[in-house]
Amino acid sequence: MAMPTYTIRPALHCLRNAARRRPIPPCSSPSFTTSTQRNVEALETTSTPPAPPPPNLDPNTVFTPRDERRLLRTGVHPIGSRRRRASILSSDNVPFEQMPYQCFQEARAVLAEDRSRKLLEIAEMRKRIAFWQNVPASDLGGEYAKRGKLVRMQRYLEQLKILADVNDPVIKKRFEDGMGESDIPLTPTLMLVELMLILGRDLGDMERPIYRYLADRKWREYKRKLLMQRISQMHIVPDMLPHLDPIAEVSLGFGRRNVQPGEFVDSRVSEIPARLNVRVFDKGERLVSIAVVDQDVPDEERDSFGSRCHFLAVNVPLSPTNTSIPLFKLKKEEHIVHPWLPPYAEKGAPYHRLAVFVIQQDGAWKGASLDIKALRESSRNKRDGWKIRRFVDKKPLKPIGMHLFRSKWDEGTDGVVTRAGVEGMNIEFTRKKPEKLPYKKKDGARYR
Amino acid sequence: MRPLCLRSPRLTLPSHTCPSFQWLPLLPLHHSRPASHASQGRANKAAQGPGKRLGAKKGASELVVPGNIIFRQRGTHWFPGENCDMGRDHTIFAKEKGYVCFYKDPETNPKRKYIGVVFERGMKLPVPRNKPRNRRLGLVGREREMGTLASITPPRVTSGEGNEALEVGGMTEQGGTLRQQDKRTRAKMPELKQMGIRPGYQYRESNRHIGRVAERAQVKVGEFKKRGRFLAWRKVNARRTKRAEKKASRSRRKKGSKNKSKN
């Protein structure tokens, strides 16, 4: 019997389309980046490789896991999903300008005209802002009023930048293609080096307001909703903080394992420090603090629950392009107040909720650094009884993102605890026998 | 006896000029008047059954212990609030020891009435939404023996925070991984069946452990002797082709017989 044809078809496609393959049309629009022109050029190509990739490996078309790994080793990330890459390989890949659809082309012309109008408006707005900046505050009714006016104008300018690009089909395509992100699942076959590359994946496009806007919108569509649900279900909000409005996407993992918000994590898995990926959607560098808090520490004396700090780092730089924060990579002298203490739960006790907070250090500007020495020495910052409420209240700090996972006693806990040198864990909790209501004996006449 | 003379309704009509008496014999002789009011059933107000003893069993700020019934009702006139729950017949009962509190919580639901239990007399419900919950542990701790793996002290004991030498970049350095420790201590460890709950609610050893049973029992298997591998390969291939041919011929015969039967 002959081999079924479908098994060899992809290979055939490769051969057939090798000559026809064209690179994806680069985005022709000028970009509103916060970086220099050199950086913009770097953005046009999808990523900045440290070493040139092998000639036969195109990040747009690799689709076998083996090739993906080979490409990753050179420091280049495959673009978009594997399915998309495979389909690009077999498509003609005609750029939008050459699509033979009249209606489509006319629609593109309309959008282009709108965009050019928006660009004019942007230029006008910039001029106006420059003008009002030079006007003395006394003419505008005081310093406060002037600042308010300028802030409002700046906000409108940012809006215009987004409006100029939001309808551009090329931008929509590039965003949906993953903006240089890869969605390779973290398989055990991936080497540690590759893992590190994935963690520090290049999100160059996050420099442009339009991509930040689109990424934010996508995050709010599902992931943020899920997180908010977990926050309310697990009572993070009244228990740990009085109010929380996440504006940064936080994803968490241990080694190769990714953790969903609220998931139970085995104590042996969470023994190593977590790796965080924090995406912020507003421009600029800032410093953040990272705190991991356990709010369910049983306190037998008070017959209640206490809290404990499992990790505290301050002054960690963060920006829309620099998203990866592996906790084990943070420098001890500069950042770490409390090193990682593996999460653990007592036998028989209810599960522990461990919340990871990303807290923006908001001083006069997003860069106010905290005094780490004072934090280390302060008696209020001890691990046991550390409260996020108190930490946030006293300083100009604003929680911008959070993630949470849960931990309960399992077979590995004893080993984890012994290795971490935690004492007093040879304890098992059992239910307290409920008291009875005091029995009031009625007067003797009733029983006669 | 003369038969009772009943007039048909038609006769009452002003058309009495018409001599219709000739029809009288056709009317029924006996006529009963239907009841205009039911004599039995719902209409006469069914007798009230025994009282169901519904209502509040505990008053406000009265002491209750877990399980105490606070309110019996049909339907949900009251809802369970803090430290309370609702039974199968909508009975509200206490889940914690404390004092009963009847309250409304317009932020959660503007119409519902709630019954809650507070831990101390005088505490008010509902608590403000941003205030941390009051929670009671309700457990007692007692000593237990630590697991076998934990009792073995690792080669380098880490004493948590403050141990400068062992901390590298925020991570407390560990004395070898779990697996390494396992290897090191395997000789000393007693033979334990590591039972546990597996997927599908099975209480058994893990597959990994079952797979190592022979190894632990020190069963020796003879070493594999590599003789003529090329000869073996040729033999296997010959067998395969023979089998394939056989199969092909069989299927051909089958097809042929089918065709014949159709014809």
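Modeller: Start just after helix 14 of chain A, where G421(A) takes a positive phi of about 75 degrees. Keep in mind that this is a predicted model.

Biologist: Which residues of helix 14 of chain A are buried?

Modeller: The general idea first: an α-helix has 3.6 residues a turn, so residues three or four places apart point the same way. In this case burial is a matter of counting neighbours, with 20 or more other C-beta atoms within 10 Å as the cut-off. Helix 14 spans residues 413-420 of chain A and is mostly covered, 8 of its 8 residues being buried. They are T413(A), D414(A), G415(A), V416(A), V417(A), T418(A), R419(A) and A420(A).

Biologist: In which sense, parallel or antiparallel, do strand 3 and strand 10 of chain A pair?

Modeller: Those two strands of chain A pair in the parallel sense, over 2 bridges.

Biologist: How many bridges join strand 9 to strand 10 of chain A?

Modeller: There are 10 bridges between strand 9 and strand 10 of chain A, and the two run antiparallel. One pair to locate is Q360(A) with its bridge partner K398(A) in strand 10. Moving along the order, strand 5 (residues 286-299) of chain A is joined to strand 9 (residues 352-361) by 7 bridges, again antiparallel. There S289(A) has I359(A) of strand 9 as its bridge partner.

Biologist: Why is strand 10 of chain A largely enclosed by the rest of the structure?

Modeller: Because 10 of the 11 residues in strand 10 (residues 397-407) of chain A are buried.

Biologist: How many residues does each chain bring to the contact between chain A and chain B?

Modeller: Chain A brings 49 residues and chain B brings 39. On the side of chain B that touches chain A, strand 9 (139-143), helix 2 (148-151) and strand 11 (171-172) each supply at least two residues. Strand 9 of chain B gives the most, with 5 residues. Sorted by class, that side has 14 nonpolar, 13 polar and 12 charged residues.

Biologist: Which strand of chain A pairs with strand 9 of chain B?

Modeller: Strand 11 (residues 427-431) of chain A does, in the antiparallel sense and over 5 bridges. Within this pairing, R431(A) is opposite L139(B).

Conventions: Residues are numbered from 1 along each chain as its sequence is written. Chains are lettered from A and ligands numbered from 1 in the order in which they are written. This is a predicted model: local features need pLDDT of at least 70, side-chain atom pairs count only at pLDDT 80 or more; totals for chains, interfaces and linings use all residues. Two strands pair if DSSP finds at least two bridges between them. Helices (H or I, at least four residues) and strands (E, at least two) are DSSP runs, numbered from the N terminus. A residue is buried if 20 or more other C-beta atoms lie within 10 Å of its own, exposed if 12 or fewer, and partly exposed in between; C-beta atoms are placed from the backbone. Two residues are in contact if their C-beta atoms, placed from the backbone, lie within 7 Å. Ala, Val, Leu, Ile, Met, Phe, Trp, Tyr, Cys and Pro count as nonpolar, Asp, Glu, Lys and Arg as charged, and the others, Gly among them, as polar.
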